[in-house]
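Here are a few notes to read alongside the model. Have a look at it first, then go through the points in order.

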Protein chains: 2
Amino acid sequence: MIIALEPSLVQRSPPVAACVDRAQSSDCSNCGARALSVCGTADISDLQRLGELAEVIKLKSGAVLIREGDPAPHVFNITAGSLRVYKLLPDGRRQITGFLFAGDFLGLAISEFYVFSAEAMEASTVCRFRKGPFSALVARSPPLEHMLLHRTSHELAAAQNQMLLLGRKTAIERMASFLLDLPGHDPTRPSAPGHVRLPMKRAEIADYLGLTIETVSRVLTRMKVKGLISTTSPHELIVERPERLRQHAAGEV
Amino acid sequence: MIIALEPSLVQRSPPVAACVDRAQSSDCSNCGARALSVCGTADISDLQRLGELAEVIKLKSGAVLIREGDPAPHVFNITAGSLRVYKLLPDGRRQITGFLFAGDFLGLAISEFYVFSAEAMEASTVCRFRKGPFSALVARSPPLEHMLLHRTSHELAAAQNQMLLLGRKTAIERMASFLLDLPGHDPTRPSAPGHVRLPMKRAEIADYLGLTIETVSRVLTRMKVKGLISTTSPHELIVERPERLRQHAAGEV
DNA sequence: TCGGCGCCTTGATCAAGATCAACGATTCAG
DNA sequence: CTGAATCGTTGATCTTGATCAAGGCGCCGA
């Protein structure tokens, strides 16, 4: 039941400040626009104000951006790279609650303290906002607030799916669901249907699916034996029987 | 792994319409005010408009309000009673993702189809809104939208806690967390500290915690033996060692 | 009052997945 | 290029919680 501690946790990786590379308020119309594009109503003046509030932070791979329990003065928006969000138990058991990518927001929950931790999975960039000014701006910009509500309710729906997975699915069903949720085909190789890249390690998959690394490995092997998938490397696989995989994910025997 | 089907599921309980008791648009400043009170900014004109949009629906205990997969034309607000929200797998395995009470909203996720089911746990009343007019009103009322975002992000935080519970906690830790999340003392008997009412049956606790009814029963017995709790009836218990229970819930050995 | 049905509890056994252990493969620093 | 560390796979065994089974209790209607 004990999960091996990640190096970043054991050696109390450097506090955020050490990873911060304070840049000038860069032009936020890129990331802001990407964020707002969801609902199609980008308001230029809002974006400029967002830009004025933003502080650009660059994170090395593995850097801890947020530590659960710390005071929570900031809200973040990812502009490049990817983060893992997780919660820990005192003995090191870890549950990864999600993977976030460019455009996603973090830390919206109105609480005085962060209720989860977040680390960069690769070299990443985030925009940091003080909560006060950020919420003031949001309060003045209905489209912004609308976009946040839209995104948050989608995240909630995803969380409910994950609860079903964690509470009621078998190991193979969990893995099948996970594989199908990953971006189906590599954007750099759009001509390779069924090719899936597994950018994360086994420990991360395990902690996301509520399993152990051994079970993750065994399930992948079982899937290969069954002909559901084939692998070219530990981090690259091909879905051979998408339909069968979908059935497993849905819990249909 | 197969969960016994609830009667309501087996006998395809009557569609919502059968349970609907269309009332006049009643005065919504009560429920509306309760909902908005969270952020303290109740706008009377918004509430009146809400009232004009609302359709009051009365549900008998066990009635199905929402069935996953059905077209989703409505948003709901609970005004009395309580609902369970859940997802099913084809073979009947059920994961209850939450219990909702007066003031809570349902069906906000912008999707053409409901992504979960919802049933009344007792005789309940909800206000029903067509999504179109409802979102139009919300778009015109920043405080309303703000309130929804606030609530939704809190629900998301709760969902992340539940993911930790389902993915990484032991049976006793799950039950301890659950007992501590319940309203600590009965409002009708405020003088009874540690008294907890368990309004739901074992099957619902089990499906909420990702366990079986037998395990729920055994864990409660173990807790009694350990002196953590004592029971007066299957649906009423007393927390005898809140501190020890809290340690279990937190996963501290 | 009796009988039946849900609901809860308890016991015996089983199995999925965890744990413990060993070893190859890959990566990366020097 | 080389060696250490990390990562992934596989095997043996164990444990937790699921499954199968039986019986008790309480509630409700006749």
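1. Start with helix 7 (residues 171–181) and helix 8 (residues 202–209), both of chain B: they pack at an angle of about 110°, and their axes lie 11 Å apart. Helices here are DSSP runs (H or I, at least four residues), numbered from the N terminus. Axes are lines fitted to C-alpha atoms over the stretch in contact, with angles from 0 to 180 degrees between N-to-C directions. That makes helix 7 of chain B roughly perpendicular to helix 8 of chain B (65 to 115 degrees counts as such).

2. Who touches whom? Helix 7 of chain B brings B:R174, B:M175 and B:F178, while helix 8 of chain B brings B:I205, B:Y208 and B:L209 (contact means heavy atoms within 4.5 Å).

3. This is a predicted model, in which local features need pLDDT of at least 70, side-chain atom pairs count only at pLDDT 80 or more, and totals for chains, interfaces and linings use all residues. Residues are numbered from 1 along each chain as its sequence is written, chains are lettered from A and ligands numbered from 1 in the order written, and side-chain values use heavy atoms, leaving out hydrogens and water.

4. Chain A has an average pLDDT of 84, with 79% of the residues scoring at least 70 (pLDDT is the predictor's confidence in each residue, from 0 to 100). In residues 1–25 of chain A, pLDDT is below 50, though the stretch has 42 contacts in the model beyond near neighbours in sequence. Where pLDDT is low, the predicted coordinates should not be read in detail.

5. A rotation of 180° with 0.0 Å of shift along its axis puts chain B on chain A, with RMSD 0.0 Å (least squares on the C-alpha atoms of residues with pLDDT of at least 70 in both). That is the relation of a two-fold axis. Also, 100% of the interface residues of chain B are interface residues in chain A too, so the copies meet through the same surface.

Definitions and conventions
Helices (H or I, at least four residues) and strands (E, at least two) are DSSP runs, numbered from the N terminus. Angles under 35 degrees count as roughly parallel, over 145 as roughly antiparallel, 65 to 115 as roughly perpendicular and the rest as oblique.
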